[in-house]
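This report walks through a few local features of one structure for a reader who is meeting it for the first time. Please look at the sequence and the model below before reading on.

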Amino acid sequence: MRLRHDAPVVRATFDDPNLVSCAGLVPVMRLAQQAGLHDAVVDRVRLPTDKGANPAGKVATIVAGMLAGADSIDDLDIARHGGMRSLFTSVYAPSTLGSFLRTFTHGHVRQLQAAARDTLIGLAGRAPILTGADVLAFVDVDSMLRRVYGKQKQGIGFGHTKVGGYNVYLRGYNPLIATLSTPLSPPVIAATRLRSGNAGSARGAASMIAEAITTARACGASGEIVVRADSAFYAKTVINCCRRRGVRFSITTRIDAKIRAACDSITDDQWVDIKYPQAVWDEDTGQWISDAQIAETTYTAFAGTRHAVTARLIVRRIRRHDPQQIPGQDELIPTYRYHAVFTDSPYTLVQAEAQHRAHAIIEQVNADLIGGPLAHLPSGQFSANDAWLTCAAIAHNLTRTAGHLTAGPYTTARPATIRTRIINVAARIAHRTRTIHLHLPDHWPWAAGFDNLFTIVQAAPG
């Protein structure tokens, strides 16, 4: 692509009051209204002083800015350009929204989180975001370290993370995320919680899992629910929470002496080859040729305490290859790396192990948040950042629901893709007989998806 030499661009002026750069906010924010976002915030959130007035309009402005790509308070000004005031009311300036966020306390954040759960329940009733939840649903829990640089931010601490495969300690916050998904639907965020950077991964996880399970049931997850987590959440509080709530658990365990002894007790004839990355199907033997094998045994966790739990221990082993081994010379004693999962899953060995590996899907949610609203935690006050995290979850769920209603590849597309193709599309506003007409770009490659979403949310739900 090159600039035209016969008609060069010689002037650029920002002077058209009827242009908007994110016309896709119209159907998405209509979807938010139909899901009950505004009503939920009005019913739930009670903030003091004049800064807390009209919380529904201010939360909706923050969410709209995040939908359009805002990752800081100043970026929320994207909701006030061009003809946006012709399309939306109660649009607030970034300075007002910053004062609003700084009014939040821990109790007010909990109120906003309750409104977020109500909104997710409304979205589940508006679109099939949890297809198959009447049979099987997954609640995935994970934490991530978000680095910050300002030393004056409340609640920051040095937390452990990995960068380039190396263990490092970074100053920041440690958000905890719980997602809800099914084998047929990508994950939505069921609960969030912001913690200090030096908080342990399992801190507060049990209570948040309980909230996520309640939300899952309210969203229509009437079938089996499996809670999945990595080894940082291998704790009696998490497992006991799952058992009290009547759901299944599937949690990676640390390979300590007891777990290794249980792994070594598995006989050679119990190991089963599985389809693993770079595995090859052998037509003659009808088996996968792979270095990965799985087996299971019975294991009692927390033995000797009143929290003892007996369940299945599913073990995956991967052959260790010595790079210095002479070609053609076999190892005298093969060695393996073990990965163990403690679970009470009712599914077969192969199904349960594959389902647990799919827990990695939550890493994509973390990446989507980091590539969007959580690129920064913008305030110096802890509760304001917690409220920002909750608004980010609402924006993510709205984007996911919009993708389902848009249909086609957008059902499983990344939020960044939906933002680029559906939300951030420019339009010119035309006023006709007390109505507004949006003139969108000719030959827009993804016009069909926009039309699908616009038509569906334009019609009354039900």
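## Helix packing and a buried serine

In helix H10, which spans residues 349–357, the buried residues are Leu349, Ala352, Glu353, Gln355 and His356. Because the arc that they cover around the axis is only 160 degrees, these residues lie on the same side of H10. The buried residues of H10 pack against several strands, among them S2 (136–143), S8 (224–229) and S15 (336–343). The model described here is a predicted one.

Helix H1 (residues 25–35) packs with helix H3 (residues 55–67) at an angle of about 135 degrees, and their axes are 11 Å apart. H1 and H3 are therefore oblique to each other, and their crossing is right-handed. The residues that make this contact are set out in the table, helix by helix.

| Helix | Residues in the contact |
|---|---|
| H1 | Leu25, Val28 and Met29 |
| H3 | Ala60, Ala64 and Leu67 |

Of the residues in the contact of H1 with H3, six are nonpolar, while no polar and no charged residues take part.

When its neighbours within four places in sequence are left aside, Ser379 is in contact with Arg102, Lys153, Ala384 and Asn385.

Technical notes:
Residues are numbered from 1 along each chain as its sequence is written. This is a predicted model: local features need pLDDT of at least 70, side-chain atom pairs count only at pLDDT 80 or more; totals for chains, interfaces and linings use all residues. Side-chain values use heavy atoms; hydrogens and water are left out. Axes are lines fitted to C-alpha atoms, for helices over the stretch in contact, and angles run from 0 to 180 degrees between N-to-C directions. Helices (H or I, at least four residues) and strands (E, at least two) are DSSP runs, numbered from the N terminus. Angles under 35 degrees count as roughly parallel, over 145 as roughly antiparallel, 65 to 115 as roughly perpendicular and the rest as oblique. A crossing is left-handed if the near helix is turned anticlockwise from the far one by less than a right angle, and right-handed if clockwise. Contact means heavy atoms within 4.5 Å. Ala, Val, Leu, Ile, Met, Phe, Trp, Tyr, Cys and Pro count as nonpolar, Asp, Glu, Lys and Arg as charged, and the others, Gly among them, as polar. Buried means under 20% relative accessible area, exposed over 50%, partly exposed in between (1.4 Å probe, protein chains only). The arc is that of the directions from the helix axis to the C-beta atoms.
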